[in-house]
Amino acid sequence: TAGIYHLFVVSGYHFTVIAILLVFCFRFPHFFLSSRSINIYTQFIPIPVILALILYLKALNFPPSAVRSTLFCLLYFLGNIVFRRQKLPHIIIVSFVLLVLVHPLFLFSISFQLTYAATAGICFIALPLVQRFRFKNRMGQLIVHSCIVSTSAWLCILPFVLYYFNSLTPYFLPMNLIATPPVSFLILPASVAMLFTDFISTSLTDTLGHGIYFLNLILVSIS
């Protein structure tokens with residue numbers, strides 16, 4: 001009821017954060033390379049990131065929301081590999097057409113409709129506003145941009161929420177501002193870290209798991 005359910009399910013938000021974390025991890029070795037090698041290495045960073053996302057998708061048993069998110073990331077990274085900067089509207093349109101061609105019944109899926117409604121809001125409402133509102137104070141800019149993105153997505157999914165669920169969440173914005181940072185900077189990074197710590201120390205993996213569980217309990221209790 002608090003409007004933060006998208007933080008607890010597999011969504012484009014999760015895949016975006018995980019993709020950023022993976023890119024950061026794979027970019028680390030470039031500090032030890034020559035300038036010429038850096039350009040070549042950076043160009044092909046998307047390849048292991050794509051493979052990692054596909055493996056993650058397989059581990060989740062290919063849920064529809066994860067398939068959509070992976071396709072988004074795949075289209076974006078493929079554009080980087082061929083030295084062509086991808087634009088979000090193009091990715092939205094291409095992914096939408098591909099998914100509908102493969103499975104036309106997606107059009108009647110609630111999650112499919114919510115995903116593309118929210119993405120369209122971010123693309124066509126939030127991004128132009130974010131480019132317009134820039135501040136010297138980075139923290140203030142981050143808060144304002146977060147409000148713009150959340151509000152834009154919420155406005156676009158509002159008709160679907162009212163139609164399917166007959167509910168309205170007026171306090172979604174403060175709840176998202178409270179819940180998003182711990183999910184982005186604690187829960188998701190710790191989840192990715194657990195993939196590697198299991199090879200180093202099972203006790204460390206258990207500690208991270210308990211920490212994630214505790215944070216999730218807090219967020220669920222306030223939602």
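Which residues are exposed on the other side of H3?

## Basis

This is a predicted model, in which local features need pLDDT of at least 70, side-chain atom pairs count only at pLDDT 80 or more, and totals for chains, interfaces and linings use all residues. Residues are numbered from 1 along each chain as its sequence is written, and side-chain values use heavy atoms, without hydrogens or water.

## Helix H3

Helices are DSSP runs of H or I with at least four residues, numbered from the N terminus. H3 covers residues 46-59. Its 14 residues should span 20 Å at 1.5 Å a residue, and its end C-alpha atoms are 20 Å apart, which agrees.

Pro 46, Val 49, Ile 50, Leu 53 and Leu 57 are buried in H3 (buried: under 20% relative accessible area; exposed: over 50%; partly exposed in between; 1.4 Å probe, protein chains only). They cover an arc of only 100° around the axis, so they sit on the same side of H3. The arc is taken from the directions from the helix axis to the C-beta atoms. Leu 51, Leu 55, Lys 58 and Ala 59 are exposed on the other side of H3. Just after H3, Asn 61 has a positive phi of about 70°.

## Helix H7

H7 spans residues 138-165 and has a kink of about 45° at Ile 157, shortly before Pro 159. The bend is the angle between axes fitted to the seven residues ending at a residue and the seven starting there. Buried residues of H7 include His 145, Trp 154 and Leu 158. Asn 166 follows H7, with a positive phi near 50°.

## Phe 108

Phe 108 lies in the loop between H5 (88-102) and H6 (110-132). Its relative accessibility is 66%, so Phe 108 counts as exposed.

Key:
Helix = DSSP H or I, 4+ residues; strand = E, 2+ residues; numbered from the N terminus. Expected span 1.5 Å × (residues − 1).
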